[in-house]
Every structure is written in structure tokens, then in C-alpha cells.
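Welcome, and please get your viewer ready for a short walk.

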Amino acid sequence: MRLFLYFTREHAELASAEAKSLAKKIEFEGKGFVIAEFDDSYQRLVMTKFAGELLWEGENFDELDLTFDSFAVRCTKLGEVSSGKIEREVGARISGKANLKNPEVVIRVFSDGRKHYVTRQVYEYSEKVLSCRKVNARPFYHPTSLQPKWARLLLNLSGVKQGKVLDPFCGAGGVLLEAGVMGLSAVGVDKDENMVEGARENLWFFRLDKKCSVEKADFFEWKGKNFDAIVTDLPYGRSSQLFGKRLDILYEQAFDKMKKHSNNAVIMGPQDLTKFLKKHDWKVEQCFDFYVHKTLRRWIHVCSR
Ligand SMILES: C[S@@+](CC[C@H](N)C(=O)[O-])C[C@H]1O[C@@H](n2cnc3c(N)ncnc32)[C@H](O)[C@@H]1O
């Protein structure tokens, strides 16, 4: 399906990278949007606000001619335009019954005033969909755990659509939960007994314990197999345990050990770890950072070998 993806305003580069990781082909990249060929995986995106099947693009609505039983037209501005005017112009070119409350299709128009993209909306991102798995809605709560949105973003950046992922520092299971919900199998490893039991409880609660499992082990001694990708949020040395290891040593040993389990990794941490990753033969394809709160920035490294 040829889709127009309109990004949330949070982080343009991350939004674009997420879309590119899952798209079959990127056709055109604009400011805050892309046009891309996609399979069903667009439904996983967390940094795309709207996705619409591209029905028409052009500069003159006179050439537009569509038919639907019932429809509503909504305009999203890509520049200085009057959305009301665009909605009326497009509405006048569609045969069928306008129904703002319960339309059969939502026609979403993206326009900068000169170029217009007319789409049939197929996806609208809402955090509400993920809220049932938010950190404080899970039976086992831990403050270090990743919110579903960020776990999903990391998984999406790995590009794995079907297959098996490993989280070697799984904590309360934030990554495992989202992997399971998206139909991936996942294995988590954690050295902390309390975390392991908590992650298992969370997986069981959301009926994901058949798809995903947790092993209590020191990752540095763990004898697991190969995975399509490693997706992890590292220990930061703040609220999570380091078991007596210095943080920089833990990171270096972790990047070395990860090589035994996959050739792809998406790694989040509290600083730019590119130099450590390179030292251990990981190619850092992409690196993003973003503000979390006054004392925390996070870096996401998308790596391959
Ligand atoms: C930042 S937390 C991960 C949070 C997790 N992403 C989540 O959403 O719940 C890091 C975890 O790494 C674990 N850890 C630290 N050293 C470890 C080691 N050597 N082997 C396995 N796990 C370890 C800690 O027990 C902690 O639960």
C-alpha cells in the first residue's frame, strides 16, 4: 500500500528513522512526512500521527474526483493554509454523503497551500492504545522500566517484523511486553531475581508468557543462541543494579558479548556510546538523542555488524 505518513512533532529524525526501518520503499521525503510503500507494519508506528492511503496528489483540486458512500474530510496543514477552505473544496469534489459523526471513510488532506495530498486515513496514533501496559498499570511496577511507546520505538528501529529478539537487561520486561504484543518472540535476561519474577508476572498478566520468556542469569555468563536483533535499555547506574561493575566496564563487556547473539542491535543508554560500540566492532548506523527530564538525556544507537 502506498501511504502518506505524517509525523508527530516530537522528534523529526526519530520519526523518519522509525518509518524507514519498517517501510518497504521510501518514495518521497518531505518536511515532517514521507510517502512510502508499506505492508501492515505501519500499525506499529509510534512517531507517526496519521497514515493515509494516498488517493490523489496535485496542485489543482479541479482534477480530483472521488466517490464514497459516506465520508468526512479533515485537513492537516503542512504550511500556512486555511484548513476549512481546503476541506470545503475537497468535500465538493467527492460524490457521496458527508457524515462528520460516523463516516465510512475519513479523507485526510495534507496541504501546504500549493501541493495537496488526498488520503484515505488508515491509521491514527493514540497513546491510549498503549496505556493499559504503561509502567504503573502493570502488576509489577518498577521505576526504571520503559514505557510502551519507547519500547515499541526501539523494536521498530530494529526493523524486525517477524522473528526473535533478545533483551539482555530486561528489567521489568518493558521491551518484552511490546515485542509480544507486536507478534514477535522475545527472550529477556536479568541478573536480579526480583526483576525476573516481576517481568514474568507482567508477561503472564498480559497473556504474553507463551511468546516471551525471561531467564535469570548474568548476561556475561549466559549461554543463549542467535537472535534477529538485540533490543535493550542498558542499566544507567542510577536506580538499576550494576552488581559491583563499573558502568563503562559493564558497557564494554556487554557490547562484546552481544556480538555472540546477533548482528543487529538497538541500544538505549544515558550517553553517546558510539566510541565503545565501535571499539567492539559494531557499526553505529544511526544515533539519536532526546531530552527526558532535567537530569536525563537518552541516546539510541542503531547498530549492525
Ligand atoms: C535499566 S534496567 C532495564 C529496564 C527495562 N528496559 C525495562 O523496561 O524494565 C537494567 C536492568 O539490567 C539488569 N542488569 C544489570 N547487570 C546485569 C547483568 N550483568 N546481567 C543481566 N542483567 C543485568 C538490572 O538488574 C536491571 O534490571
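For this tour, a residue is near a molecule or strand if its C-beta atom, placed from the backbone, lies within 6 Å of it. Residues are numbered from 1 along each chain as its sequence is written. You are looking at a predicted model, where local features need pLDDT of at least 70, side-chain atom pairs count only at pLDDT 80 or more, and totals for chains, interfaces and linings use all residues.

**Stop 1: the ligand**

Select the ligand and the 25 residues around it; Ser145, Phe169, Gly171, Gly174 and Asp233 come nearest. Colour this shell by class and you will find 13 nonpolar, 7 polar and 5 charged residues. Here Ala, Val, Leu, Ile, Met, Phe, Trp, Tyr, Cys and Pro count as nonpolar, Asp, Glu, Lys and Arg as charged, and the others, Gly among them, as polar. Helix H4 (174-181) and strand S10 (185-190) each give the shell at least two residues. Such helices (H or I, at least four residues) and strands (E, at least two) are DSSP runs, numbered from the N terminus.

**Stop 2: the sheet**

Next, show the open sheet of 7 strands, ordered S11-S10-S9-S12-S13-S15-S14 with mixed pairing; two strands pair if DSSP finds at least two bridges between them. At the edges, strand S11 (212-216) and strand S14 (283-293) each pair on one side only. From one strand to the next, the twist averages 15°. Angles here run from 0 to 180 degrees between N-to-C directions, and axes are lines fitted to C-alpha atoms, for helices over the stretch in contact.

Zoom in on S10 and S11, which run parallel and are joined by 5 bridges. Alanine 186 has cysteine 212 in S11 as its bridge partner. Contact means C-beta atoms, placed from the backbone, within 7 Å.

**Stop 3: two helices**

Keep H4 and select helix H3 (residues 148-158): the two pack at an angle of about 70°, with their axes 8 Å apart. On the H3 side, the contact is made by Pro148, Ala151, Arg152, Leu154 and Leu155, and on the H4 side by Gly174, Val175, Leu177, Glu178 and Ala179. These contact residues divide into 7 nonpolar, 1 polar and 2 charged.

**Stop 4: a hairpin**

Finally, select strand S2 (residues 25-30) and strand S3 (residues 33-37), which pair in the antiparallel sense over 5 bridges. Lysine 25 stands opposite glutamate 37 in S3. The hairpin of S2 and S3 has 2 residues between the strands, and glycine 32 in the turn has a positive phi of about 85°.

Terms used
Two residues are in contact if their C-beta atoms, placed from the backbone, lie within 7 Å.
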